[in-house]
Amino acid sequence: MTCELAFLPVGNADSIVIHPDDGSVVIVDLHKIPILLKWLQTKKVTNISRIYITHEHRDHFPSIEDLVTFLDNWLKRGKVSTLCLPYEVYKDAKKKLHLIEQLIKSLKMLYYALENGKRKILSNL
């Protein structure tokens, strides 16, 4: 079995693509997704075995929105078996989710307060 290693420039670092004979690939870090997509299309790759993101620096990890868009588009034509993200991504997402939940709770309280206030005003007319 032979294996091709590709180092794709993505800024201050590289995306590393490991491409064995079986056609699947392993990707280590991705930032400039268009560069990766061009490489994958050139090699006619449809199966990504694993994607590893080593850490959250922007030259190794795209925004979460860009990552989701990439995965949504890729899964329409291919497969990704495993995605490995740093623990920090989970912790940040959990914090953001907690803030969103607090905001929703506050908005609901405000809505009910406004609704009750409106009823009092109308009943006084």
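**View 1. Asp29 and the residues around it.** Leaving out residues up to four places away in sequence, Asp29 touches Asp14, Ser15, Ile16, Tyr52, Ile53, Thr54, His55 and His60; a contact here means heavy atoms within 4.5 Å. Asp29 sits in the loop between E3 and H1. Helices (H or I, at least four residues) and strands (E, at least two) are DSSP runs, numbered from the N terminus. With a relative accessible area of 4%, Asp29 is buried. Buried means under 20% relative accessible area, exposed over 50%, and partly exposed in between (1.4 Å probe, protein chains only). A note on what you're looking at: this is a predicted model, where local features need pLDDT of at least 70 and side-chain atom pairs count only at pLDDT 80 or more, while totals for chains, interfaces and linings use all residues. Residues are numbered from 1 along each chain as its sequence is written, and side-chain values use heavy atoms, with hydrogens and water left out.

**View 2. Strand E3 and its two partners, E2 and E4.** On one side, strand E2 (residues 14-20) pairs with E3 in the antiparallel sense over three bridges; two strands count as paired if DSSP finds at least two bridges between them. E2 and E3 make a hairpin with four residues between them, and Gly23 in the turn has a positive phi of about 95°. E3 and E4 run parallel, joined by four bridges. Ile27, meanwhile, stands opposite Ile51 in E4.

**View 3. Side chains on E3.** In a regular strand the side chains alternate between the two faces of the sheet. Here Val25 and Ile27 point one way from E3, Val26 and Val28 point the other way, and all are buried.

**View 4. The largest nonpolar core.** This core holds 21 residues, and those with the most contacts inside it are Ile48 and Ile51. A nonpolar core is a set of buried Ala, Val, Leu, Ile, Met, Phe, Trp, Tyr and Cys residues joined through side-chain atoms within 4.5 Å. Elements giving two or more residues to this core are strand E1 (3-9), strand E3 (25-28), helix H1 (33-42), strand E4 (47-52) and helix H2 (64-75). Zoom in on Ile48 and, beyond residues up to four places away in sequence, you'll find contacts with Val25, Ile27, Leu40, Phe70, Trp74, Lys79, Val80 and Ser81.

**View 5. Cys3 and Cys84.** The disulfide count is zero, a disulfide being a pair of cysteine sulfur atoms within 2.5 Å. The closest cysteine sulfur to that of Cys3 is in Cys84, 17 Å away, so it is too far for a bond. Cys3 is partly exposed at 46% relative accessibility, and Cys84 is partly exposed too, with a relative accessible area of 25%.
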